[in-house]
Amino acid sequence: MVNFRSVVAVVLLFMVVITIGYIFWQQELRYALPTPVPSSYVAVQINQQVNLPSTISSLKKPVYLHFYNPDCPCSLFNAKHVRELIFSHGDSIAAFVVVPSSLDVKEAKKEFGDHLQILVDADQLLAKSCGVYSTPQAVILDTEGKLYYRGNYNRARYCTAQATNYAELALLAIINGAVPPTFDLLASKSYGCELPTGKVENSMSMFKF
Amino acid sequence: MNQPQVLQSNKKEIFKEITANADRFITNSLLAYFVLGIGLSFFYGTYLVGIAVGGLCLVAFFGTRMLLPNSDLYQYVLGGVLAIFTAQFIYQMHGLFEMHFFVFVSSTILIAYQNWKLQLPLILLVVVHHALFAFLQYSGNTGIYFTQLAYMDLLTFMIHGGLAAVIVGVCGWWSFQFEKRTINEYMNSKKLEVQLSSVSKNIVFAEEISKGNLDYKNDSVDQSDELGNALLKMQQSIAISTKREQEEKFVTMGINKISEILRGNSSNVKVLSEELIKGLVKYMKLNQGGIFLLEGDSADQHLELTACYAFERKKFLEKRIELGEGLIGQCFLERDIIYLKDVPKHYVRITSGLGDAPPSCVLIAPIQTQDEIVGVLELASLYEINENTIEFVKKICQSIASSIVSTKITERVQKLLSESQQQGEELRAQEEEVRQNMEELSATQEVMVRKENELQERMVEMKVNEEDMQKVEKKYRQLTIDHQNLLKTLADNKENPVEKLTELYT
């Protein structure tokens with residue numbers, strides 16, 4: 001005869017396992033898979049002109065955009081790497097952190113520092129212009145506003161594979177005036193969190209096209 | 001008791017204290033893990049995972065323990081919980097490789113329960129996790145699945161897994177060793193308890209033996225208890241020697257007692273027989289007895305009930321038994337003991353004022369010396385007569401026979417002596433009569449002599465008297481003459497008679 005307490009214990013354990021599995025899935029595992037490509041996604045090719053807001057297009061430096069979402073665990077994974085990139089190459093490039101909502105500005109400043117320029121891309125116009133549909137993503141534009149690099153930072157989620165620091169390699173290439181480097185598919189296939197939609201805004205986009 | 005039996009029956013009891021200690025240790029460890037998870041959340045903001053996953057792990061462990069406190073399930077859950085905590089820490093530290101060491105820490109913690117099987121859930125989850133990632137990585141998938149390493153090659157993975165297996169294996173081995181040691185300690189403790197108990201019982205046993213209680217049973221003695229067995233053997237030896245001593249004492253005392261009776265009643269066979277049967281029945285604690293002695297001359301030899309003890313009236317009346325008649329007569333002829341254990345119901349009955357019962361056994365023994373048989377002894381008892389008593393009867397019958405022969409001779413001698421004395425008495429009486437006659441004769445003679453003397457004296461006296469008579473007569477005559485003269489004078493002197501008388505007699 002099955003003991004009632006045993007049944008309760010089994011049910012409890014089952015629920016705990018399911019819940020923990022769900023949490024890990026939500027927090028990490030699903031990000032190990034490529035981010036689903038949105039149906040309306042339009043790919044932007046390298047050297048293709050990108051429609052940028054005037055505040056960016058007027059700059060005479062290569063532009064480095066870091067698409068960041070504080071709600072995305074993957075964005076947190078490589079924050080340290082991003083800070084190092086900006087710190088190392090901040091003089092040669094114009095670095096921006098692009099957040100999907102004005103609500104994220106505070107978090108972004110906290111993560112990357114108050115001095116960094118934060119762009120709020122509430123309507124994902126900038127993302128779409130650059131062909132970005134997930135975070136974290138790095139976009140490097142040359143001085144003419146053409147897409148130089150769009151893709152992941154590293155093969156590893158925590159940017160620990162030095163040989164595949166795609167974004168850093170691209171930054172070094174553009175600073176050195178080289179042609180856009182060619183990386184494998186892992187560089188361009190988007191991993192991470194989908195860009196959030198329908199997030200409540202309490203302000204308009206900080207920039208206009 | 002071998003180990004599997006121990007495990008099945010007493011494992012809960014053996015590991016009760018260890019499990020209680022382990023529970024306390026594990027409770028503290030899990031709380032520390034939970035706090036650590038929250039602490040790690042500050043590094044990369046993994047608060048949700050830190051609190052939710054850590055909290056669920058605690059719920060899983062403590063919930064299972066609370067629901068099934070008597071089951072080991074919560075301990076197995078612990079193995080899984082520690083694996084999940086490790087995965088949580090790895091995640092929280094963004095794959096920091098050192099977080100993998102928590103597998104080793106967890107594996108070590110699990111030793112607390114001294115159950116190597118608890119390592120299985122831990123290693124199972126680790127293996128499933130790594131196998132999944134290895135499958136993904138080495139099956140052509142281009143992704144990076146092993147945390148902070150750029151790429152974990154197969155050799156590194158093998159070393160990684162091998163070390164984990166070694167650590168978990170060592171911890172499992174230690175758990176097994178501790179478990180085995182605990183069981184051995186328990187068994188040794190139990191063995192010691194049994195030994196102490198045996199020693200205590202053996203002390204009591206020895207004390208009882210020293211007090212002479214040889215019937216004391218020490219049921220706890222088993223084959224492994226050498227002291228107990230030695231004491232048991234000693235008790236048995238003492239019991240045997242004591243029994244032998246008692247038997248010898250019984251025989252010796254019995255012989256002494258019977259000898260006293262024999263010595264004290266050596267003049268009369270009847271009295272001797274009565275005293276003997278009384279003494280024998282009482283001494284041997286039997287219930288009935290009788291002595292049949294050979295009587296009659298050679299032409300009419302028969303056995304006669306000389307004395308009995310508590311015999312039935314009917315049997316008592318049957319005093320005469322012919323040689324060869326019944327068991328008594330047969331025993332006399334065979335000159336051997338007859339011992340009946342299965343006595344027929346109406347053979348004989350032992351009676352008292354309250355009731356009666358057939359005896360349990362009847363012993364019929366010939367009263368004989370080496371050369372001569374003088375009678376038969378019959379004894380009956382409500383209880384079985386032991387061998388020693390039978391041997392005693394055999395021995396004592398020889399003494400009784402000798403004594404009876406001797407008594408009969410004595411009796412005969414006494415009878416002759418008595419007759420002789422009687423004859424002597426008669427002679428003495430006749431002699432006395434003669435003597436008395438002689439004395440009477442002598443007295444008669446003396447009387448005759450005395451009478452003769454008296455007669456002579458009387459003759460003399462008569463002669464004297466005759467002479468006196470003659471003198472008196474003469475004097476009388478003189479007096480008569482005087483008187484006549486006087487009368488004459490008086491007649492002559494009538495004027496003055498007094499003066500004349502005074503003149504005459506002056």
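A residue is called buried here if 20 or more other C-beta atoms lie within 10 Å of its own, exposed if 12 or fewer, and partly exposed in between, with C-beta atoms placed from the backbone. Helices (H or I, at least four residues) and strands (E, at least two) are DSSP runs, numbered from the N terminus. Keep in mind that this is a predicted model, in which local features need pLDDT of at least 70 and side-chain atom pairs count only at pLDDT 80 or more, while totals for chains, interfaces and linings use all residues. Residues are numbered from 1 along each chain as its sequence is written, and chains are lettered from A and ligands numbered from 1 in the order in which they are written.

**Stop 1: helix 11 of chain B**

Select residues 326-334 of chain B, which make up helix 11. Which residues of this helix are buried? They are I328(B), C331(B) and F332(B). Their arc (taken from the directions from the helix axis to the C-beta atoms) is only 100 degrees, so these residues lie on the same side of helix 11 of chain B. An α-helix has 3.6 residues a turn, so residues three or four places apart point the same way.

Now show what this buried side packs against: strand 1 (288-295), strand 2 (302-309), strand 3 (320-322), strand 4 (338-340), strand 7 (361-368) and strand 8 (373-381) of chain B. Contact means that the C-beta atoms of two residues, placed from the backbone, lie within 7 Å.

Step off the end of the helix and click R335(B), which follows helix 11 of chain B. R335(B) sits in the loop between helix 11 and strand 4 of chain B. Its phi is near 55 degrees, a positive value in a residue other than glycine. R335(B) counts as exposed because it has 11 C-beta neighbours inside 10 Å.

**Stop 2: the sheet in chain B**

Colour the six strands in the order 3-2-1-8-7-4 of chain B; they form an open sheet with antiparallel pairing. Strands pair if DSSP finds at least two bridges between them. Strand 3 and strand 4 of chain B are the edges, each pairing on one side only. From one strand to the next, the twist averages 20 degrees. Axes are lines fitted to C-alpha atoms, for helices over the stretch in contact, and angles run from 0 to 180 degrees between N-to-C directions.

Zoom in on strand 2 and strand 3 of chain B, which run antiparallel and are joined by three bridges. Here E304(B) stands opposite R320(B) in strand 3 of chain B.

Next, select helix 12 (residues 387-492) of chain B, which lies across strand 1, strand 4, strand 7 and strand 8 of chain B. Helix 12 runs at about 40 degrees to strand 7 of chain B.

**Stop 3: over to chain A**

Here an open sheet of five strands has the order 3-2-1-5-6, with mixed pairing. Its edge strands are strand 3 and strand 6 (147-151) of chain A. Strand 1 (residues 63-67) and strand 5 of chain A run antiparallel and share five bridges. F67(A) stands opposite Q137(A) in strand 5 of chain A.

Click P136(A), in the loop between strand 4 (134-135) and strand 5 (137-141) of chain A. The peptide bond from T135(A) to P136(A) is cis, with omega near -5 degrees.

Another loop, between strand 3 (117-120) and helix 6 (125-130) of chain A, holds Q124(A). Although not a glycine, Q124(A) has a positive phi of about 60 degrees. Is Q124(A) buried, exposed or partly exposed? Q124(A) counts as partly exposed because it has 17 C-beta neighbours inside 10 Å.

**Stop 4: the nonpolar cores**

A nonpolar core is a set of buried Ala, Val, Leu, Ile, Met, Phe, Trp, Tyr and Cys residues joined through C-beta atoms within 7 Å. In the largest, of 46 residues, V98(A) and I140(A) touch the most other members. Leaving aside neighbours within four places in sequence, the contacts of V98(A) include L65(A), F67(A), L119(A) and L126(A). Apart from this core lies another of 42 residues, among them A22(B), L30(B), L67(B) and A112(B).

**Last stop: confidence**

Colour chain B by pLDDT, the predictor's confidence in each residue, from 0 to 100. Chain B averages 83, and 91% of its residues score at least 70. Among the elements of chain B, helix 10 (residues 313-317) has the lowest mean pLDDT (58) and helix 3 (residues 47-67) the highest (94). The model scores ipTM 0.74 and pTM 0.59.
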